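This briefing concerns charged side-chain contacts and one backbone feature. Please consult the sequence and structure shown here alongside the points that follow.

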Amino acid sequence: MRLSLPLLLLLLGAWTIPGSRGDRDLFTATAPELDDEEKYSAHMPAHLRCDACRAVAYQMGQHLAKAEAKLHTSDSEGRRELSESLYTDVLDLSCSQQWQDYGVREVNKVKHLVGPGLSKGPEPSISVMVTGGPWPIRLSTTCLHYLGEFGEDRIYAAHRQGREALEALLCGGPQGACSEEVPATREEL
């Protein structure tokens, strides 16, 4: 496999801008330094649970919307509505997906999950996202947790009200993953 010089320089973490002042304008990027919990825990680290919840809500909504778009029949208001067996299957499928488009990135010494449906926040000029490893399993487990906690019926009803309603159901509330009142650590059973 041959790599072009610009790609090789990018992979090595150094890139100069044409017409720049030489070595003083190098961009470098390093992978986020993960602590032991982020590397080895079976659970989603507490500081990433809100991002994980928002990713799950986004993926559930996308899967349900795609299934609704394939329907040929509509309800009395002209909206396409899935049967209970269909939305149950779609939600199970949304949790069992590969989750390969998600990973962790560190910007200004703060780690966040990044991927489809998550706001980008401040964009660095160059960054490294760590994907794979424990992240897909953690996201799938988080998704299955919400299915068990809220049930397919409530999740689908919230989806029918809009993306914000689905995210509010899963992530909001006083004990929700995105609540400011949620303690940073919790005991795992």
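Glu167 and Arg54 are joined through their side chains by a salt bridge, with an N to O distance of 3.7 Å. Because Glu167 belongs to helix H6 (residues 163-171) and Arg54 to helix H3, this pair ties together parts that are 113 residues apart in sequence. The model is predicted, and a search of the whole structure finds four salt bridges.

**Salt bridges of Arg54**
- Arg54 also meets Asp51 in a salt bridge, at 3.5 Å from N to O.
- Asp51 and Arg54 are three residues apart in helix H3 (residues 49-69), so about one helical turn separates them.
- Asp51 is buried, at 9% relative accessible area, and Arg54 is likewise buried, at 17%.
- Glu167 is partly exposed, with a relative accessible area of 24%.

**Salt bridge between Arg160 and Glu81**
- The closest N and O atoms of the salt bridge between Arg160 and Glu81 are 3.9 Å apart.
- Arg160 lies in helix H5 (residues 135-161) and Glu81 in the loop between H3 and H4, so the pair ties together parts that are 79 residues apart in sequence.
- Arg160 is buried, at 19% relative accessible area, whereas Glu81 is partly exposed, at 43%.

**Shared partners**

**Backbone at Trp99**
- Trp99 is located in the loop between helix H4 (84-96) and strand E1 (103-107).
- The phi of Trp99 is near 60°, a positive value in a residue other than glycine.
- Most residues other than glycine have a negative phi.
- Trp99 is buried, with a relative accessible area of 2%.

Definitions and conventions:
Residues numbered from 1 in each chain as written. Predicted model: local features only at pLDDT ≥ 70, side-chain atom pairs only at ≥ 80, totals over all residues. Heavy atoms only, no water. Helix = DSSP H or I, 4+ residues; strand = E, 2+ residues; numbered from the N terminus. Buried < 20%, exposed > 50% of the residue type's maximum accessible area, 1.4 Å probe, protein only.
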